[in-house]
Amino acid sequence: MSRERKQQTAESSARPVPLGVDDFAAFSEGFCCVDKTLLIKKVMDSRTPVTLFARPQGFGKSFNLSMLRTFFEKSGKNTPAYFKGRDIWKCGRRYREEQGKYPVIYLSFRNAAGDSWETASGRIMSIIAEAFASFPELLAGRKVNPLNDLPYCMSMASGSLDLPEYEDALLKLSRMLKAHYHVAPVIIIDDYDVPVRSGYEHGYYGEAAGFMRNFLSAGLKGNNSNIHYAFMAGEFPISLTDTYGGLNNICASTVLDCDDYSGFFGFTAEETKSVLEHYGLADRYPEVCEWYGGYKSGSDEIFCPQSVFSFIRSNGQAGACRMPSDTAGIIHAAISGKAADILLPLLKGDPVIVHIDRNISFSKLKTDPSYACTILLHSGYLNAVEAKQDANTWTLAVPNKESREALTLAMMSATDNSHVLS
């Protein structure tokens, strides 16, 4: 290797890798940043009141929600600096004028899991209370209704509300913010599916689903006058009509949809090449394709950003980097028992044709072994290769080496088929 080549390699390896960084502002300062800001234009052009993004772990959901928050949020920070020079800033005055214009209600239910409903509900109440606490101006201002909303705010601040009283929290907070700022807020909810997913794993599914149904229905359905935009993200597109009370104003974008959002979650082939070149690993692209590519989103091949950055962090050591621990319980439930017989051909490289639900109903895991394919598809273990004449019937395959290795290990843990898998 020439001296110049060695120097370039040393400089590339010294560059920081944003593994685990999902804060847009932090990501933009000193890290290799793939420009996904045209997502902002897409959501503005769509004029959809409520948008749900359902993608596997590691595909940039939280990063994109952070970007949307940074763009829309009214704050005292110099947030335009994060967007000047990026694609969204080149789209014209109409889009630039929306930057920093709205109060933003941000809720992340990432830590709302628990081994009991008492634990989980306590965490849910704390998360909602923190959202209220981020707007102290409501308590000090004179624009909050003194008869209903102000006492509610004070009770929220003191922690004296009972759990059922939190069900209207999103509705009340959005209404108060509109009254205070004379503009409807933007609502951002990350990991919306965690409480219900945890409830299924630990035996309080009914309680968790019931609370989240009432909370989201009150805040997002029939509340359009108090919402400018609302964005939700999670791993699973949980059945909104059953679990969440018929939220029929939601536009859902999932791994099965070829829509305007397809290229914004995960890296495209060109983006992957650019990132690898930035870190001096451009010649490893074929290997990255074998290990971390193969996902289809519309007509594009998509790579998992978390896996690509893990590969770079390990100095190009290929292996199974993305082992979803948050969904381990659901995955274990999905592939136990007779489901293994359906999944074994996939591990041997053979595609399977199965019915896939666009909206998840975890209770079906107990009665339908093939439902494992729906869970594994939305978790990123499998890839939807081709839709059949029936829009809900798909050809599935394992997309890459990482998924095959991770799925093999999960099946060995959940079943007694280790002798077949080895």
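Author: Contact means that heavy atoms lie within 4.5 Å. The model is a predicted one, in which local features need pLDDT of at least 70 and side-chain atom pairs count only at pLDDT 80 or more, while totals for chains, interfaces and linings use all residues. Residues are numbered from 1 along each chain as its sequence is written, and side-chain values use heavy atoms, with hydrogens and water left out.

Reader: Which residues does F211 touch by that criterion?

Author: Leaving aside residues up to four places away in sequence, F211 touches W117, I124, I128, L163, Y166 and E167. F211 itself is found in helix 11 (residues 205-220); helices are DSSP runs of H or I with at least four residues, strands are runs of E with at least two, and both are numbered from the N terminus. The C-alpha atoms of F211 and P164 are separated by 7.9 Å, although these residues are 47 apart along the chain.

Reader: Why is F211 called buried?

Author: Buried means under 20% relative accessible area, exposed over 50%, and partly exposed in between, with a 1.4 Å probe and protein chains only. F211 has a relative accessible area of 3%, and is therefore buried. Of the 422 residues of the chain, 52% count as buried.

Reader: What makes the chain as compact as a globular protein of its length?

Author: The secondary structure of the chain comes to 19 helices and 11 strands. The radius of gyration is 22 Å, close to the 22 Å that the globule rule gives for 422 residues, so the chain is as compact as a globular protein of that length. The radius is taken over C-alpha atoms, and the rule is 2.2 Å times the number of residues to the power 0.38. Along its principal axes the C-alpha trace spans about 70 × 60 × 40 Å. Among contacts between residues at least 6 apart in sequence, 75% join residues at least 24 apart.

Reader: How do you know that the buried residues of helix 3 line one face of the helix?

Author: In helix 3 (residues 38-46), the buried residues are L39, I40, V43 and M44. Seen down the helix axis, they fall within an arc of 135°, so they line one face of helix 3. The arc is that of the directions from the helix axis to the C-beta atoms. An α-helix has 3.6 residues a turn, so residues three or four places apart point the same way. The buried residues of helix 3 pack against strand 1 (50-54), helix 4 (61-72), helix 5 (93-96) and strand 4 (229-234).

Reader: What puts the buried residues of helix 16 on the same side?

Author: In helix 16 (residues 339-347), A339, A340, L343, L344, L346 and L347 are buried. They cover an arc of only 160° around the axis, which puts them on the same side of helix 16. Just after helix 16, G349 takes a positive phi of about 95°.
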